[in-house]
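This report describes the strand pairing, the fold of each chain and the contact between the chains. The sequence and structure under discussion are shown below.

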Amino acid sequence: MMRFIIVLVGILSFFSSRINAQKDAGDLVKDLALKMQLVEKYTADILVKIDVEFVNIEERKAKVFFEKPDKFEIKSTGILLLPKKGVEMDYLKLFSSEFTAIDEKTEIVSGVQARLIKIIPMGSELDIVLAQVWIDEGNLRIVRMKTYTKSSGSYSIDFNYNNNPFDLPAAIRVEFDVKNMSLPSTLTGDLESLSKKLDSKGVTKGIVSIEYSNYIVN
Amino acid sequence: MNKLVRIELYKIFTKPRTYIGFAAVFLIVVSIQLGFYFEGEEILDFVIQNLKDSFLFEGKLINVYTVSYIVLTSLWIHVPILIALVTGDLIAGEANSGTFRLILTRPVSRTKLLFAKFFAGWTYTYLVIILMILLSVGLGSILFGSGDLLILKGTLNIFEAEDALWRFGLAYSYGILSMTVVASLAFMLSAFAENSIGPIIGTFAIIIGITVISTLGFSMLRPIIPYLFTTYLPAWQLFFDYELDYVKISRAVFTDLAYIILFLSVTFYHFRKKDIVS
């Protein structure tokens with residue numbers, strides 16, 4: 001009987017320690033934000049691939065400049081199209097504002113065990129109304145993020161990492177909503193497709209993949 | 001033959017109406033370019049405002065290629081009129097001024113004379129398009145600089161500058177071919193007329209008439225539309241499709257060539273048998 005009680009107490013204390021070891025969702029996001037804030041500024045070369053139903057463009061190279069807190073600049077020799085949300089690290093604003101974090105579950109994302117945390121911003125000044133963040137707790141980095149905005153629908157970002165300084169991503173894949181649009185053709189003379197609608201569904205999905213290289217940080 | 005061509009070119013370039021074409025091309029191209037130079041950003045913003053809701057645009061949107069494409073689109077309606085103005089006068093003008101009898105008393109065959117006239121008319125056509133290229137690309141490079149070509153053509157096509165260059169080369173070359181069809185038509189009508197007004201107006205009427213009828217009565221005329229030369233006048237745009245449709249391009253080129261041969265054959269056949277009374 002005594003042995004049973006000892007084993008039971010042992011099991012209970014093991015699980016209790018495991019439960020205590022799991023960090024609070026809000027603290028985890030704050031730790032992540034602190035880690036991200038270590039990056040004062042960086043430049044990197046990017047290779048952009050665009051996959052949008054009605055856009056035909058080859059891969060483009062460009063240079064990206066970031067400076068804390070939210071200065072983001074892209075320089076390209078040719079024309080480059082990027083989704084309005086997602087590539088300019090706008091989630092940094094969310095992490096540095098007041099928010100409520102709700103722990104949801106643990107999932108395997110891209111082969112990594114990640115904690116899914118829902119983040120709801122407290123103020124109304126941000127465009128983001130809700131974000132779901134999958135965090136690799138061991139390495140303290142975001143694996144995936146899905147964001148719902150007031151102005152641009154939703155978008156999700158998948159992050160890939162290698163050994164870049166400060167765990168800056170090696171590649172991201174942004175999937176975003178593209179509104180149904182009727183491209184004007186009168187100015188460009190494409191009379192065949194005058195007033196032709198591209199898509200009748202209302203919203204289509206666009207994908208932009210960006211590979212980063214040659215980081216120079218701080 | 002060279003001498004005959006030189007004489008015909010001299011006749012063309014001593015007529016004031018010849019310069020209407022060059023002046024019109026100059027005015028239209030320069031006006032469009034100046035418009036884009038001063039208000040291009042606003043114009044383009046208006047055109048791509050839908051896209052700007054979802055995308056950030058980086059890079060130089062207004063550049064020599066984008067503006068040249070817009071010039072090409074705007075001017076392609078006017079160029080056939082300018083071509084007909086001169087080529088419609090080539091034979092009928094002589095008939096009207098009563099100089100044919102005098103010319104044909106010289107030891108020059110009618111065939112050679114017609115070849116010389118057509119070649120001179122084609123040279124004028126070629127020069128009008130060369131002026132358009134020089135102004136669009138030359139002046140455009142100075143005003144706007146180089147950059148990628150952005151086209152809204154049902155889809156949004158973006159071509160790198162090097163890619164745009166050969167597409168423009170082919171589009172202008174095709175433009176010369178399709179304008180040669182217009183020149184041949186005006187030349188043919190000119191052979192049947194005693195006054196140059198008829199062939200000039202006739203050429204406009206045929207081009208505009210067939211275009212309107214084939215657009216409005218599309219379902220009724222569907223079987224013959226692929227065989228009309230007017231269907232292929234805007235086919236230069238095919239060179240700005242993201243993936244070139246070689247079948248459509250070949251059909252356009254062969255149809256144009258067939259019409260040139262047809263119009264010239266009718267002209268030569270009729271003129272060689274024509275009773276010169278003026």
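A:Ile117 has A:Val133 as its bridge partner, the latter lying in strand 8 of chain A. The two strands concerned, strand 7 (residues 112-121) and strand 8 (residues 128-136) of chain A, pair in the antiparallel sense over 5 bridges. As the model is a predicted one, every value in this report is a computed property of that prediction.

Both strands belong to an open sheet of 10 strands in chain A, whose order is 4-3-1-12-11-10-9-8-7-6 and whose pairing is antiparallel. At its edges are strand 4 (71-75) and strand 6 (99-109) of chain A, each of which pairs on one side only. From one strand to the next, the twist averages 20°. In total, the secondary structure of chain A comprises 12 strands and 3 helices.

Most residues other than glycine have a negative phi. A:Ser110, in the loop between strand 6 and strand 7 of chain A, has a positive phi near 50°. A:Asp167 also has a positive phi, near 55°, and is placed in the loop between strand 10 (154-160) and strand 11 of chain A.

The overall composition of the two chains is set out in the following table.

| Chain B | 12 helices, 3 strands | 278 residues, 39% buried | 81% |

For chain B, the radius of gyration is 21 Å, close to the 19 Å that the globule rule gives for 278 residues; chain B is therefore as compact as a globular protein of that length. The C-alpha trace of chain B spans about 70 × 45 × 25 Å along its principal axes.

Within chain B, B:Thr203 is located in helix 10 (residues 197-216). Is B:Thr203 buried or exposed? It counts as buried because B:Thr203 has 25 C-beta neighbours inside 10 Å. Apart from neighbours within four places in sequence, the contacts of B:Thr203 are B:Ala84, B:Gly88, B:Val182, B:Leu185, B:Ala186 and B:Leu189. B:Ser141, 62 residues away from B:Thr203 along the chain, has its C-alpha atom 35 Å from that of B:Thr203.

The remaining topic is the contact between the chains. Chain A contributes 27 residues to the contact, and chain B contributes 27 residues. On the side of chain A that touches chain B, strand 2 (55-57), strand 5 (80-83) and strand 11 (171-179) of chain A each supply at least two residues. Strand 5 of chain A gives the most, with 4 residues. Classified by type, this side of chain A holds 15 nonpolar, 7 polar and 5 charged residues.

Strand pairing also extends across the contact: strand 5 of chain A and strand 1 (residues 55-58) of chain B pair in the antiparallel sense over 4 bridges. Within this pairing, A:Leu80 stands opposite B:Glu58, a residue of strand 1 of chain B.

Definitions and conventions
Residues are numbered from 1 along each chain as its sequence is written. Chains are lettered from A and ligands numbered from 1 in the order in which they are written. This is a predicted model: local features need pLDDT of at least 70, side-chain atom pairs count only at pLDDT 80 or more; totals for chains, interfaces and linings use all residues. Two residues are in contact if their C-beta atoms, placed from the backbone, lie within 7 Å. Ala, Val, Leu, Ile, Met, Phe, Trp, Tyr, Cys and Pro count as nonpolar, Asp, Glu, Lys and Arg as charged, and the others, Gly among them, as polar. Two strands pair if DSSP finds at least two bridges between them. A residue is buried if 20 or more other C-beta atoms lie within 10 Å of its own, exposed if 12 or fewer, and partly exposed in between; C-beta atoms are placed from the backbone. The radius of gyration is taken over C-alpha atoms; the globule rule is 2.2 Å times the number of residues to the power 0.38. Axes are lines fitted to C-alpha atoms, for helices over the stretch in contact, and angles run from 0 to 180 degrees between N-to-C directions.
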